[in-house]
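This briefing is organised by topic. Please read it alongside the sequence and the model shown below.

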Amino acid sequence: MNLESLYQEIILNHYKNPNGKVASVDSPDAVHHVNPSCGDEITLAVEMLDGQAHIIFNNVGCSISQASASVMFDLCESQSVSKIMEIEDSFLELMQSRGQGIADDELLGDAIAFVGVSQFPARIKCALLPYMALKDAISREIEGVSK
Ligand code: ZN
């Protein structure tokens, strides 16, 4: 099996068996993000407990956006905010790599499978959607805690 097929299989597996997805997100702090160019939507809430982020989400949309949300959950669940920001930065860098990948990818886990997506500008937004929602939810959660 070549690398490209392996990556496609990783994405397909996350799409079929998503991690972190719940039937509905019932939280007043939930954020809702949409990617109008593809029709992807995600509702996501994060709760900080002892410095660790606990994430739930519900989403609809294409296989890329749904698989990306599952991988994002695997990477970021129970991590600190600073670790999550490092992961977000690495994934953003991967998405901007035009298919080349990045040198320092040890934080990315299964997210490295999305390297092929970075060649298609229209699909990059699909892959980034869950990360944008998580970043937004965390900043709201942190602001809420400091009040
Ligand atoms: Zn999409």
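Ser78 touches Gln52, Ala53 and His54, where contact means heavy atoms within 4.5 Å and residues up to four places away in sequence are not counted. The model is a predicted one, in which local features need pLDDT of at least 70, side-chain atom pairs count only at pLDDT 80 or more, and totals for chains, interfaces and linings use all residues. Residues are numbered from 1 along each chain as its sequence is written, and side-chain values use heavy atoms, with hydrogens and water left out.

- Ser78 lies in the loop between H2 and H3; helices (H or I, at least four residues) and strands (E, at least two) are DSSP runs, numbered from the N terminus.
- The C-alpha atoms of Ser78 and His54 are separated by 5.6 Å, although the two residues are 24 residues apart along the chain.
- Ser78 counts as partly exposed because its relative accessibility is 31%; buried means under 20% relative accessible area, exposed over 50%, and partly exposed in between (1.4 Å probe, protein chains only).
- The side chains of Ser78 and Glu77 are joined by a polar contact of 3.4 Å. Such a contact is a pair of N or O atoms within 3.5 Å; within protein, one must be able to donate a hydrogen and the other to accept it, and residues adjacent in sequence count only if both atoms are side-chain atoms.
- Phi of Ser78 is near 65 degrees, a positive value in a residue other than glycine.
- Asp50, in the loop between E2 and E3, also has a positive phi in a residue other than glycine, near 50 degrees.
- With a relative accessible area of 81%, Asp50 is exposed.

**Zinc site**

- The zinc ion has as its protein donors Cys38 (SG), Asp40 (OD), Asp40 (OD), Cys62 (SG) and Cys126 (SG), which lie 2.1 to 2.7 Å from the ion. Donors are N, O and S atoms within 2.8 Å of the metal (3.2 Å for Na, K and Ca); water is not among the atoms, so sites may look incomplete.
- Along the chain, the spacing of the donors of the zinc ion is C-x1-D-x21-C-x63-C.
- Cys62 counts as buried at 16% relative accessibility, and Cys126 is buried at a relative accessible area of 0%.

**Helix H1**

- Helix H1 (residues 3-16) has 14 residues and reaches 20 Å from its first C-alpha to its last, close to the 20 Å expected at 1.5 Å a residue; the expected span is 1.5 Å times one less than the number of residues.
- Tyr7, Ile10, Ile11 and His14 are buried in H1.
- Viewed down the axis of H1, the buried residues fall within an arc of 95 degrees, so they line one face of the helix; the arc is that of the directions from the helix axis to the C-beta atoms.
- Exposed residues Gln8 and Lys16 are carried on the face of H1 turned away from its buried side.
- H2 is included in what covers the buried residues of H1.
- A side-chain oxygen of Asn2 comes to within 3.1 Å of the backbone nitrogen of Glu4 at the start of H1.

**Strands E1 and E2**

- E1 and strand E2 (residues 40-49) run antiparallel and are joined by five bridges; two strands pair if DSSP finds at least two bridges between them.
- Glu41 is the bridge partner of Val34 in E2.
- The hairpin of E1 and E2 has four residues between the strands, and Gly39 there takes a positive phi near 95 degrees.

- Asn59 has its place in strand E3 and is buried, with a relative accessible area of 5%.
- Apart from neighbours within four places in sequence, Asn59 is in contact with Lys21, Glu41, Ile42, Ser65, Gln66 and Ala69.
- Ser90, in helix H3 (residues 81-95), counts as buried at 9% relative accessibility.
- Ser90 touches Ile102, Asp104, Leu107 and Leu108, not counting residues up to four places away in sequence.
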